[in-house]
Amino acid sequence: MKKIRHYLTISSMLVLMACFFCACDKTTASKSGNNDTDKNDLSEDLSDAANDIAEGARNATDDLLGDGGFDNYADAHDYFLDTMGAYHSDAKFELRNEDKNLNDYQEGSMGYHFYLYDTSKNDAGEEFGEFFVDANSGRIYRKTDTAVEEYPVTSTTVGDKNGSVVRNARKLSLR
């Protein structure tokens, strides 16, 4: 995903450079008496435009990729509900006991804390789990009785000797 971000940034910078060279060619071709002032104004305008486009490209790739982390609670909230809804299309999720501040869920790891309930079967809802959305990476973690695991489980799934499914997840031990 970082490759895509780099390709988009490089592409937008190349487009900006092409625009800059075209604009410089036009200003040098004009022979007005106030040419130096026009060049300075145009250079400033192009510089501002380049910065705006680069910032827009960075924001767009962060929005598309979703792994850039979150600066505020509202973005993390929306991302979390959208992602969980995509993983469980038959569920109807509701958040309760929301804490809009960053929480330390693992030594040095800060994230937004959510209690997720599934209200698809009844209005009271059943607790689906306690989750954190990492503020830096945007990854979702689920708290269990013994650890904090990345959600969904991303590693391979194998059967044990009883025929049940065992999942090997990246776990973070609780403090």
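A residue is called buried when its relative accessible area is under 20%, exposed when it is over 50%, and partly exposed in between. This briefing applies that scale to a predicted model.

- Met17 lies in helix α1, which covers residues 2-29.
- Met17 counts as partly exposed because its relative accessibility is 42%, a value between the limits of 20% and 50%.

**Salt bridge of Arg96 and Glu94**

- Arg96 forms a salt bridge with Glu94, and their closest N and O atoms are 2.7 Å apart.
- Arg96 is partly exposed, at 23% relative accessibility.
- Glu94 is also partly exposed, with a relative accessible area of 33%.

**Salt bridge of Lys143 and Glu130**

- The side chains of Lys143 and Glu130 form a salt bridge, with an N to O distance of 4.0 Å.
- This pair links distant parts of the chain, 13 residues apart: Lys143 belongs to strand β4 (residues 140-143) and Glu130 to strand β3 (residues 126-134).
- Lys143 is partly exposed at 33% relative accessibility, whereas Glu130 is buried because its relative accessible area is 15%.

**Salt bridge of Glu150 and Arg139**

- Glu150 and Arg139 meet through their side chains in a salt bridge of 3.6 Å, N to O.
- This pair also links distant parts of the chain, 11 residues apart: Glu150 is in strand β5 (residues 147-151), and Arg139 is in the loop between β3 and β4.
- Glu150 is buried, with a relative accessible area of 11%, while Arg139 is partly exposed at 39% relative accessibility.

Key. Residues are numbered from 1 along each chain as its sequence is written. This is a predicted model: local features need pLDDT of at least 70, side-chain atom pairs count only at pLDDT 80 or more; totals for chains, interfaces and linings use all residues. Side-chain values use heavy atoms; hydrogens and water are left out. Helices (H or I, at least four residues) and strands (E, at least two) are DSSP runs, numbered from the N terminus. Buried means under 20% relative accessible area, exposed over 50%, partly exposed in between (1.4 Å probe, protein chains only).
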